[in-house]
Amino acid sequence: MIYDPQIYTIEDKPEVPFISEKEIEVILEGALPEKEVVRNIIAKSLSKKRLSMQETAVLVNATDPGLIEEIKAGARLLKEQVYGKRIVLFAPLYVGNLCVNNCEYCGFRTSNKSQKRTTLTHPELIEEVEMLEEMGQKRLILVYGEHPKYTPEFIADTVKTVYKVKKGNGEIRRVNINAAPLDMEGFKTVLNAGIGTYQVFQESYHRGAYAKYHTGGLKKDYDWRISALDRAQEAGIDDVGIGALFGLYDWRFEVLGLIRHVNHLEAVYNVGPHTISFPRLQRASNVDFDPTWEVSDEDFTRMVAILRLAVPYTGLILTARESAEIRDEVLQFGVSQIDGGTKIEMKAYSEKEKDQDLDAEQFEICDDRSLSEVMDDLIENEYLPSFCTACYRTGRTGEHFMEFSVPGFIKRYCTPNAMLTLAEYLEDYGKNGIKEKGYRLIQKNLIELEDDKFKTRLEERLDRVKQGERDLYF
Ligand code: SAM
Ligand code: SF4
């Protein structure tokens, strides 16, 4: 069947749901992965141009092992050429797991009576943040179930509280949120509290699959959810994160759904999402999984490479749902942010020796390394861990886009700021030999800087960090 945009494309307008299942199916059906075509598409992405849905579909349909390797090699090259070795670190903090919805895959769903329900009290929230600061975290994402208790004012209060907590040299400099869709006024309230990114996942872009898994509560309404980021944009939040939960429906369809979402936001608001997340379904309390659409490790790694090529200027987030091995593997294809030292049980950061308990968490995580272990592994592999929050705090929003499109941006800002925040980490929290290793990596990155004047300025700042000054950035 020949794709005819006149027939299928829904016009992009504010708050109008834009997904046409038919359109995506037709594109997937018509995308033939001929060798030369695949190679031209990879070359287009490497010339820093973003791919259309049709081009992305061609990559998705490529099953020849040789071509898959070329796609992965392309993603690896793009990552190296554009972003270098920097990886931004963050941690999730679960604020409350009350939930009125009944997402069949989630341990927090309302029908799961064995889930232990809690909302952090003000002192508990402070205690959790103190523990996170003592680990060296600087960037958090606060996570909430959907419940009348979690009003925009409640969310805003928790955000403001987190910013105020200071333990030793520790502080949280950027608070993102993952919360249920709000109305426009609600978004304005959380924006005024100083959130960084507002993140919400569509879970599945396919209405049929969405309806199967969302059987109760407010989340049943596909249209309310898919228009959430439009309302966020209209309320003034231009830093938004999208995502799909892989395993609910065909991963090929979901990849195109994500690209369609990017197109929509760019068409209507002139700015695409800041980040894309692609969680894979994990075991959760009292959940029986339907394996029909389970995504294998092979397909998952391939999918990350395709996403990297399709949207070369969007941040890609990979969480501790995945094992350390998978994380290591896909880092090279262009993941830009990972969490470290993650605990997703309520109050788990302050209650130190707690074992994982499915009835106290949303789902199971597969990477339980501490932040310091994650840092150590990154440094060992010569990735440059970064806690940088400079863009957000200097009003340079859309940093991923700038990193990508402004010549020299990464060299002038991102890499030096990564080094400065790494030096802070090493001074304040660097244990067990990591300090020496970390400074060796900083030194290696310093040598690679070409501009001698700038190098001297950076060295001066690194010295000031060693002397005890904090929060220096370009
Ligand atoms: N309640 C809010 C919502 O649904 O938008 C907050 C999000 S929830 C706490 C964070 C995300 O976790 C969900 O959007 C979903 O994609 C993901 N999730 C839920 N259950 C999961 C599971 N069993 N395995 C992996 N990810 C899961
Ligand atoms: Fe509630 Fe979110 Fe879990 Fe759905 S995914 S049950 S809305 S916490």
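By class, the shell of residues around ligand 2 holds four nonpolar, three polar and two charged residues. Here Ala, Val, Leu, Ile, Met, Phe, Trp, Tyr, Cys and Pro count as nonpolar, Asp, Glu, Lys and Arg as charged, and the others, Gly among them, as polar. Which residues are around ligand 2? They are Cys 99, Asn 101, Cys 103, Cys 106, Phe 108, Arg 109, Gly 145, Lys 219 and Gln 362. Each has a heavy atom within 4 Å of the ligand.

This is a predicted model, in which local features need pLDDT of at least 70 and side-chain atom pairs count only at pLDDT 80 or more, while totals for chains, interfaces and linings use all residues. Residues are numbered from 1 along each chain as its sequence is written, chains are lettered from A and ligands numbered from 1 in the order in which they are written, and side-chain values use heavy atoms, with hydrogens and water left out.

Next, the space that ligand 2 takes. That space is the largest cavity. A cavity is a set of points, on a 1 Å grid over the protein atoms alone, where a 1.4 Å probe fits but cannot get out. A molecule sits in a cavity if more than half of its atoms lie within 2 Å of its grid points.

Now turn to the strands. Strands (E, at least two residues) and helices (H or I, at least four) are DSSP runs, numbered from the N terminus. Start with β1, residues 86–96. Is β1 buried or exposed? Eleven of its eleven residues are buried, so β1 is largely enclosed by the rest of the structure. Buried means under 20% relative accessible area, exposed over 50%, and partly exposed in between (1.4 Å probe, protein chains only).

Two strands pair if DSSP finds at least two bridges between them. β1 runs parallel to β11 (residues 384–386), with three bridges joining them. There, Ile 87 has Pro 385 as its bridge partner. β1 also pairs with β10, again in the parallel sense, over three bridges.

Five parallel bridges link β1 to β2. Leu 93 stands opposite Leu 142. Between β1 and β2 the chain passes through helix α6 (residues 122–135), in a right-handed β-α-β crossover. Right-handed means that, with the strands pointing away from the viewer, the path from the first strand over the helix to the second runs clockwise. β2 also pairs with β5 (residues 174–178), in the parallel sense and over five bridges. Ile 141 has Asn 176 as its partner there.

Further along is β7 (residues 240–243), covered on both faces. Val 240 and Ile 242 are buried on one side, Gly 241 and Gly 243 on the other. β6 (residues 198–199) pairs with β7 in the parallel sense over two bridges, and Tyr 198 stands opposite Val 240. β8 (residues 275–277) pairs with β7 over three bridges, also parallel. Gly 243 faces Ser 277 in that pairing. With helix α12 (residues 251–269), β7 and β8 make a right-handed β-α-β unit.

Two single residues complete the tour. Asp 297, in helix α13 (residues 297–310), is partly exposed, at a relative accessible area of 43%. Ile 365 lies in the loop between β10 (337–339) and α15 (371–380). Ile 365 is buried, at 9%.

Methods: 1 Å grid on protein atoms, 1.4 Å probe; cavity = no way out; pocket = protein on both sides within 12 Å on 5 of 7 lines; lining within 4 Å.
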